Amino acid sequence: MAHHLLIQFSDVHLSVGGELAPGVDPDANLARALVLLEEEGVAPDVVLCTGDLANEGEESSYRAFAAALLASPATAGATIVFVPGNHDRRGSFRTALLGEGPGEGPINQVVWHDGLRIVALDSTVPGADHGHLAPETLAFLTDALRAPAPEGTLVVLHHPPSPSPIAPMAQLRLDNPGDLERAVAGADVRTIICGHYHHAAAGSLGKIPVWMSPSTAFLGDTSVVDEFRLVPGGALTRLDVHESEVVATVVTLAIAPCP
Ligand SMILES: [Fe+2]
C-alpha cells in the first residue's frame, strides 16, 4: 500500500469584502497557508476542501480559490476535492469549482487516488446552517461503498456526525448521524473527515474515527462552551494515510519559531 499525503483546508470563508471581523482576513490566511506549504516543501497528493469555501457563496471567491490552488507550487499537482458547506451555494459552487451546469441537487462525488477512494458527500440543507444527509445522498454513499477499494475509503463531508462541546455549534451538527452510521457499517471506511466547527476535535461513529478540522479563516474558542466565541487565527490539517493507520495533524498558520 502507498502512503497518501492529504491536506485539508476547511471553512476557508473567502470574502470579497476583505476582513470578516477585526483581525480576521480569510484571504490572507489562505495565502499564508499556501506559502507555508510551499516553504516546507509539502506536496500533497490530495487537497480536501471541506466546505464554507466562500463566505457568501459568491462565484468570484470560488474562482479566486481555484486559481490560488492552481497557482501554488504546493497544490498545483494535487487532486483537489471541493465539498460544500452551509455558507456555500450549490449553483455557483458547481459552475465555478466543478465546471458543471448550475444544478441545485446535492453535490456528491467519488474521487480516487492510487487505490484510495474518497467519497465526498453534500451534507448541506439550502437555507439552513445545520447538516442533513438526504435520502439521495445516503443512496449514493451506499452504492459507492458496495465493493471495497484497494486502499480503503475516506468519507468526507462538512457537517460532523459528532457533537461539538460548544453548544451552539453542536446544534448545527449533522442531524441524522444514525443514517450515516448505518450506511458505513461493515464497509471499508477508514476515517470520516469533516469541518464546520472551526476547532479541531476527534470523535467516532460506531467503530469509525471522525476527524473535525479547524478552519483556515478563524477559530472557535473551545474554552467557552455556551457560546461561539470567534478567535482570529487559522489552521489546516495534514492527513497521513498509511497502510494501517490514518494520522491527522493540525498545522497552525501563525508559527513563530523560538529564536
Ligand atoms: Fe465555517
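1. Pocket terms. On a 1 Å grid over the protein atoms alone, a pocket is an open set of points where a 1.4 Å probe fits, with protein on both sides within 12 Å along at least five of seven lines. Lining residues have an atom within 4 Å of a point. Grid points are joined across faces, edges and corners, and a volume is the space filled by probe spheres set on the points.

2. Basis. This is a predicted model, in which local features need pLDDT of at least 70, side-chain atom pairs count only at pLDDT 80 or more, and totals for chains, interfaces and linings use all residues. Residues are numbered from 1 along each chain as its sequence is written, and side-chain values use heavy atoms, with hydrogens and water left out.

3. Largest pocket. Its volume is about 190 Å³. The lining has 14 residues, and the closest to the centre are His 13, Asp 52, His 87, His 198 and Phe 218. By class, five lining residues are nonpolar, six polar and three charged. Here Ala, Val, Leu, Ile, Met, Phe, Trp, Tyr, Cys and Pro count as nonpolar, Asp, Glu, Lys and Arg as charged, and the others, Gly among them, as polar.

4. Iron site. Asp 11 (OD), His 13 (NE2), Asp 52 (OD) and His 198 (NE2) coordinate the iron ion at 2.1 to 2.3 Å. Donors are N, O and S atoms within 2.8 Å of the metal (3.2 Å for Na, K and Ca); water is not among the atoms, so the site may look incomplete. Along the chain, the donors follow the spacing D-x1-H-x38-D-x145-H. Asp 11 lies in the loop between β1 (4-9) and α1 (26-39), and Asp 52 in the loop between β2 (46-50) and α2 (59-71), so the pair ties together parts 41 residues apart in sequence.

5. Geometry. Why is the arrangement around the iron ion irregular? The four donor atoms subtend angles of 88 to 178°.

6. Gln 8. This residue sits in strand β1 and is buried at 0% relative accessibility.

Notes. Four donors count as tetrahedral if all angles lie between 85 and 135 degrees; four count as square planar and six as octahedral if opposite donors are over 155 degrees apart and all others between 65 and 115; anything else is irregular. Helices (H or I, at least four residues) and strands (E, at least two) are DSSP runs, numbered from the N terminus. Buried means under 20% relative accessible area, exposed over 50%, partly exposed in between (1.4 Å probe, protein chains only).
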